[in-house]
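Please keep the sequence and the 3D view at hand while reading.

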Amino acid sequence: MREKRGEPFFLAIGFMNPHLPFVAPKKYWDMYDPASIELAKNPNPPKGAPQYAATSWGELRRYAEMPEKGPLSEEQARTAIHGYWAATSYVDAQVGRLLDELERLNLRERTIVILWGDHGWQLGEHGFWCKHTNYEVAARAPLIVSIPGQKTAGAKCERLVEFVDVLPTLAEAAGIPVPAEAEGTSLVPLTENPARAWKKAAFHLYPRSIPGEGAGMGRAIRTERYRLVEWTPNKPGSEFREYELYDYEADPLESRNLAESAEHAAVRATLIEQLHAGSKAAKPPAN
């Protein structure tokens, strides 16, 4: 920043934390009282969900004293959560150092800042740890946008956004053309009015081996109320389809897969149609 302060610059800055192993200076570990750490409220996989949709969280199991199979003990779970929080706070402090330097160099009011994490992280939800699933905690991540002159600074936005939106957002905010091949939607209108009508859905996917079918993919659509996951094998011509459906208004902890519920048949059909229509059909209205 010091070297480039007199000219346009772009910095892509990545931090490994909070990522395994959860290592942070003692100062950040001591911010949290292990006795006050609560365990996940939904420690079981969703009822009726395909078993292959789960994760065995092998990434964590490779570390010392972790069980080769089965759940963590309550003490291990609290220690893991404690470590995640400490690592997160450590990274927060590093982000603060960057922002402080922007201020010191008088660059803050003419620099666009976007902060995001590349995925969520399960801390015992559904009995899972790490990422590697299509469930809410793994698929949801922080996204903070700061644009000079923004009138809604600090506002929380509840609309559906995706990481493919970052490129067009940066382009529009910087006053340069949005690349024609960009799949996302600029979030600049949301920074001006966080409550405005926006995307009908967001999309994500995660692969799995499907028993009897081989390698497959779970393609998911998330609307403001529902998530539907469609599991299909990668092999051409297969007619295998299996679904997960969750209603976050009635069941925010994803305790039950509703895909085979007769009561939700119409919702399922609508979401399947939206999923196949893709992101272009889910784009927000022009105004």
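Predicted model: local features only at pLDDT ≥ 70, side-chain atom pairs only at ≥ 80, totals over all residues.

Four strands make up an open sheet with the order β5-β6-β7-β8, and their pairing is antiparallel. At its edges stand β5 and β8, each of which pairs on one side only, and from one strand to the next the twist averages 15 degrees. The residue ranges of the strands are set out here.

| Strand | Residues |
|---|---|
| β5 | 202-210 |
| β6 | 214-222 |
| β7 | 226-233 |
| β8 | 242-247 |

Strands of a sheet pair through backbone hydrogen bonds, in either a parallel or an antiparallel manner. Between β5 and β6, which run antiparallel, there are 9 bridges, and H204 is found opposite A220 in β6. Helix α7, spanning residues 265-277, lies across β5, β6, β7 and β8, and runs at about 65 degrees to β7.

In soluble globular proteins, nonpolar side chains tend to be buried together. Here the largest nonpolar core comprises 26 residues, and those with the most contacts inside it are W57, L60, W121, W129 and C130. Two or more residues each come from α3 (74-104), β3 (129-130) and β7, with α3 giving the most, at 5 residues. Once neighbours within four places in sequence are set aside, W121 is in contact with L20, F22, Y84, W129, C130, V137 and A138. Apart from this core lies another, of 12 residues, which includes L228, A259, L271 and I272.

Note on methods: Residues numbered from 1 in each chain as written. Heavy atoms only, no water. Pairing = 2+ DSSP bridges. Axes fitted to C-alpha atoms, helices over the stretch in contact; angles between N-to-C directions. Contact = heavy atoms within 4.5 Å. Core = buried A, V, L, I, M, F, W, Y, C linked by side-chain atoms within 4.5 Å. Buried < 20%, exposed > 50% of the residue type's maximum accessible area, 1.4 Å probe, protein only.
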